[in-house]
Amino acid sequence: GLFVGYRWVSGGSHKRNTTKLPTQKMNLSSKKRAAAKRKRATDDSLDDSQYTEDLPATPEWRGVPFGIVLHLSGLDVARACLRANRYASALFYSEMFADNRFGGSGGNFERLSKNDSSAPSSRGAAIDISGFGLHSESTTDSITNSSVALELSDITKKCLVQFRESDGLEGIQTQDSAIRFYHDAGGTSMNQEDLSEMPSTNDWDNLLALDMRQQLSQRFEYSSNALAITSHLKTVGLRHVMRRYMVGLEGSDEFRAQDLGLSSSARQDNEAKLKDQWFEESWRTLQWDDTLLSSASDDAGSLTLTAGVHSGGPSKATMSHRGRFESEIAWNGGGLNRRGMNECINVAFNSALDEESDSHSKAVMEARQALLDELCSSVGNESLMAALPDYSTKLMAFNEIDKMKGGLFAGLNQPVSSTLKVLGYNDDDVDSSLINAMAPHAPTSFVGFQPNVGFSSLDFLMSIREATLRVSAQKRPDDAALLRSTLTSHLFGFSALARKCNRPEVASTCLQRLRNVMEISEASTGDSISKLHSSLRLHLEDARLNSAKGNFGSAIRTCKLVINKMTNTTLSGAVDGVKERHRTIMSDAGALCGDLMVEYKVESGKTILHDYLKPASSMALKVYEKNKSSANGQRASQSQFALADFVASLYDNVVEKVKSQEWIKARVTADERRAELQICNKMLEKANKENAGTKSKASARSGTARTGAQSRTKQTLEEMTKKEHRELVMHVATLKKELKMDEKERKSVERAVSEYLHLAIASFAKALSIHNPSTMSEDVSKHIFRMVSLWFANSTEFGVNELMRQYQDAVSTHHFVPLTYQIFARIDSAGQDDTSDFQGTLRDLVLKMCTDHPYHCLIQLITLANGSKVAASDAPGRTNAYLQYAGHSKVDAAVSILESLKRLKGSSAYVASLVESYIALSNGYIDLAMFPTTKFHGDKKDKSKAPPKKIALSVAKSGGGRSAQKSLDQILSSG
């Protein structure tokens, strides 16, 4: 699509640089002009007229007068941007070209997918973007619209894959299938280029497309596709398959013979990247090398990539793959003399196992330099700033390897505790107990606080740490138990990180390695309870992993089995530590099971609340009260927050039900049924009396003789009366039963409203009282907002204010600071209707907030106290409306709180002084704002009485008539 034109100007009408045009007469002397003419006569070169003879006349324009022009279309630039990994620019230019070629603004694929022939084709000057305003002679003009659309679609899909835009990619693929249909139906032959890969955010789909592409008889960009295959195999977790595939690449003659479509430099670059991936897999095999954790030393083992992890013990040749690599995979990294980053890491671990300290330091330095070179080569890329966190994470990994040198080499005698601190483990996290190491307090806080770091970089960092721990365990057999425990904690954190990043395949491999480590660690212990707890911990991790994979049924069933097993396990004679771990696992299992049930709605709300969430939070709270560690505190706060959120949602549902029209109609129906019951009871009572009187009369006339007809008539009437009486009795019984059921249901619902409200507020308060922002990274703003909202909405309900007053001292007031305006707006004088003492509870909270955070809260309180200080206005109605809204009761309440603050003593005495200063400052500003300035207006008619240019602040001394009041300048200048 590239067209080169020599744009020599053939006329003298150019607007700029007129003295430098080839066809323009130059201002030379007669001698110099004659010499130049003789030189041109004997010279074989073209003169000006001959040079521009075959070129079309150039219109008037104001660009460069002559030179070489590249006629580029937007499609040409989009291709170049895609090859340079500038994906946003590629999308921009491809969309611009599509709009210019097909007309319109956007929606080109949608129009083309309906009918290829209906799409307009534009041949305007805007197709050429070289800046000359001329039509491009690009080869894209002769290509059909469908072919161009398919190429644009391919560029767009590749860019969307890089941006992980799965929704947009799915829409493009849907329209792309219709465009391909019209393209094929038009008679275009399907060649091998049409069978290109279909970009997708799904790695399996990409693997299938690449596999299809590699099976073609004529292969295009073979090394690029091979590199993509290895990348996707690594992403889906098939590392062993990837190693086998890479071993077979060099043995195939097709690798270099049929690498069509790539330049020599591009092919060498791909080979260098493949080599770097090979070395990455070399050092990553350490993650599966469990013999490094054994205390026995055996030099008979060896490790090769093709065989996987070695079967024997570690030896000096454990990571020495480089000789085999050069013999079987003899790539030279594209002619680069410097070793790649992963090759240097491989050499660093190999040197650590071989006790070669100098080689280790040199390899780490070269790895850091290789990463910096990669960073320098990315300068100018659109995604450089987004990639900086990834580079910094990898650099931190290299720093950790360098600092861990004292733990990797026995001769340096570095304590193991300082070695583990390099990896982010504090003294509280270091514990040789295996079950304690399995508690969820792995030192992954760094990666958890980095939202812009991609998972590939996090995986790299965590894998480096894991390999370092394993090598350290081999080099320091005396501390092997502690290092194995630390490795256990690390793998737990690694698995949790992979799950949060939606990479369950990585989490599965972490759990498998964790099982191997635990099997080695438990071989030296005979404690059955500890083994049981470790096993159940793994089952809970399996449940979390199944939930991440979408298999929630299996996850919930596993949690229930863990709970049943723990419930049926007796702990008679167990020490407190064992009981604490027992309660911890029970709490984690109940909380996880409850959360899954809430998410997937497989049980009723009452069952989830009373059987899972409530017992789990209660047990976690007991564990925290027994041992107030950061891990126990985090567990307790999270379980209380989960309980509070769930109960608050139940409360909302119940309140919505109580306020619904159906509930109101049910109440009306119950009242009607109650009235009907009263009527039926009266009728039944009357019938009973009549029946009793009839029986007495019948017994008195029992001796009187009756005829047969009279006897039959009387008997029929009595049977009808008994039937009606029986039906009435049954109806009354039915009404009583229905009323009893209605009353029971209504009382249960109404009782649930109060129960859920109190439980939600109490749970929120307990969680906030436990939460420590210095050790817990969770943002609790939404929880404090929800709790205060429940309090304000139900401030008149019985027991709510007492509950808030109960937890005021336990909850830190910094949680309430973001709600300062909302809280202070409800300050008022306690009236006779305030039987629930809402204002008293609110006053205590405001006093505590102003005492703990005076610089955040005093100004708002003083502002409220000054609410009645309003200057005279030309519109008295507006002033009265404001005063009515502000309310004197609010002002009085705020003034009362300020007076209480002025009386503070002891450590809070500075707040009293601060209140006085703030009040004086605010009064100074108010007096200045209200000071009458009429006498300073001047006289427009009399120029001698012009208004002053400057007015001293000291004139506004009293304002409201207070002679003792200082002016604003005096207040600001006073210490």
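Predicted model: local features only at pLDDT ≥ 70, side-chain atom pairs only at ≥ 80, totals over all residues.
Helix 27 spans residues 605–626 and holds 22 residues. Its first and last C-alpha atoms lie 30 Å apart, close to the 32 Å expected at 1.5 Å a residue. A bend of about 35° falls at Leu-613, shortly before the proline Pro-615. Leu-613 itself is buried. In general, an α-helix has 3.6 residues a turn, so residues three or four places apart point the same way.

Two packed helices are described by the angle between their axes and the distance between the axes. For helix 21 (residues 455–475) and helix 22 (residues 480–500), the axes come within 9 Å. They cross at roughly 165°. This angle is over 145°, so helix 21 and helix 22 count as roughly antiparallel. Their crossing is left-handed.

The disulfide count is zero. A disulfide is a covalent bond between the sulfur atoms of two cysteines. The sulfur of Cys-559 has its closest cysteine sulfur in Cys-593, at 5.1 Å. The cut-off is 2.5 Å, so this separation is too far for a bond. Cys-559 is buried, with a relative accessible area of 0%. Cys-376, by contrast, is exposed, with a relative accessible area of 55%.

Conventions. Residues numbered from 1 in each chain as written. Heavy atoms only, no water. Buried < 20%, exposed > 50% of the residue type's maximum accessible area, 1.4 Å probe, protein only. Helix = DSSP H or I, 4+ residues; strand = E, 2+ residues; numbered from the N terminus. Expected span 1.5 Å × (residues − 1). Bend = angle between axes of the 7 residues up to and from the residue. Axes fitted to C-alpha atoms, helices over the stretch in contact; angles between N-to-C directions. Parallel < 35°, antiparallel > 145°, perpendicular 65-115°, else oblique. Left-handed = near helix turned anticlockwise from the far one by under 90°.
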